[in-house]
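The following questions and answers set computed values against their definitions. Please examine the sequence and the structure before reading on.

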Amino acid sequence: MRFADIIGNAEVAKALASMADSGRVAHAMLMYENEGCGALALALAYVQYLNCSNPHDGDSCGECPSCRQMSKLIHPDVHYVFPVNKGPKTSDDKPTSESYIQYWRELAIANPYFVEADLQKAIGIESKNGLIAVAEAKSIISKLSLTAVADGYKAVIFYLPEKMNQETANRLLKMVEEPPEKTLFIFITHAPEKVLQTIFSRCQSIRVMPLTKDEAAQVKALNPFDDREEYNLFMDLFSDLMNAIVARDLMAALECGEVVAALDSREKQKAFCTFAGECIRKIFMIQQNMPQIAGIAEEEPEFYSAMAGKCGKTFCSKSITNIEKVVAMIDRNVSSKILFCDLVNRMFLSV
Ligand SMILES: [Zn+2]
């Protein structure tokens with residue numbers, strides 16, 4: 001990432017470049033942004049500039065070996081820390097950022113303006129809280145105590161230090177206070193008030209400004225997680241649910257309900273309900289012998305015809321009513337687990 005590629009925050013980029021030019025490189029920096037405004041992009045461009053072997057015109061060259069390694073996020077002296085948890089994408093019992101580094105790279109290369117929910121999705125822990133645990137501190141300390149592979153700076157880009165507990169912070173503190181020579185920590189936070197004071201007070205803070213409407217639109221265009229991905233997720237969930245219902249497997253159906261209840265936001269749960277309602281209407285249209293207006297995509301008619309044959313005549317209308325009730329309840333602080341468990345039960349009984 002070069003400074004020239006950053007969307008918005010030209011002043012911050014300029015300040016970082018002149019900090020690097022002057023040689024007054026803060027060894028601990030805290031970048032505070034509203035989610036998705038480019039702090040990570042700025043941090044990457046800054047480290048790339050510092051380590052570039054042929055910088056010119058206030059920017060990195062983008063072509064030297066160091067820049068090329070940076071652009072793939074595989075520079076051996078640059079480390080990434082972000083909140084993780086156990087999940088299906090790693091077998092590690094005490095996962096650290098390293099356990100998920102390939103997913104981090106894919107995500108950040110495709111779109112360095114990602115938000116925390118994108119990261120959770122990318123590493124497969126949507127329903128859990130990401131944490132920065134003490135194992136992470138140990139791993140960073142051991143990485144930084146090795147000699148730098150290249151000639152430049154060693155850096156730790158630390159995404160969301162507010163997700164670090166006291167024990168982790170205590171472990172890291174000495175390293176942040178007195179880092180080895182030419183080593184820097186860049187913390188990126190969305191909630192500076194939650195960053196432990198011991199860390200906060202040792203950092204030079206930088207405010208990354210909110211994006212303008214135009215800039216935000218440019219960022220949005222980078223987002224690789226388009227509707228297609230959500231469609232696939234919802235379709236898989238809905239077809240698993242329906243297959244379980246028609247197979248009379250209540251346990252499997254309830255498990256699908258739990259997955260929906262664990263979607264990472266109420267908005268997403270509602271979006272799933274809307275999606276499921278649309279799918280059930282398609283089944284209804286086939287039952288009514290009107291497949292031509294059901295709006296079924298070319299790749300999916302078999303599923304809908306199979307379901308139309310297996311569900312009773314009143315299933316669709318009852319299910320749509322029940323789904324609409326759930327949508328109304330989602331915003332009323334009712335436990336989503338109870339709501340979706342009840343919905344699945346009702347669908348199971350009315351098939
Ligand atoms: Zn370069």
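**Values and definitions**

The chain exposes about 17,200 Å², and carbon and sulfur atoms supply 51% of this area; accessible areas come from the Shrake-Rupley method with a 1.4 Å probe, and for residues only the protein chains shown count as cover. This is a predicted model, in which local features need pLDDT of at least 70, side-chain atom pairs count only at pLDDT 80 or more, and totals for chains, interfaces and linings use all residues. Residues are numbered from 1 along each chain as its sequence is written, and side-chain values use heavy atoms, with hydrogens and water left out.

Q: What makes Cys52 (SG), Cys61 (SG), Cys64 (SG) and Cys67 (SG) donors of the zinc ion?
A: Donors are N, O and S atoms within 2.8 Å of the metal (3.2 Å for Na, K and Ca); water is not among the atoms, so sites may look incomplete. These four SG atoms coordinate the zinc ion at 2.3 to 2.4 Å, and therefore they count as donors.

Q: Why is the site of the zinc ion called tetrahedral?
A: Four donors count as tetrahedral if all angles lie between 85 and 135 degrees. The angles among the four donor atoms are 101 to 119°, so the site is tetrahedral.

Q: Why does Cys67 count as buried?
A: Buried means under 20% relative accessible area (1.4 Å probe, protein chains only). Cys67 has 1% relative accessibility, so it counts as buried.

Q: Why does Cys52 count as buried?
A: The value for Cys52 is 9% relative accessibility, and therefore Cys52 counts as buried too. Of the 351 residues of the chain, 50% count as buried.

Technical notes: Tetrahedral: all angles 85-135°; square planar, octahedral: opposite > 155°, others 65-115°.
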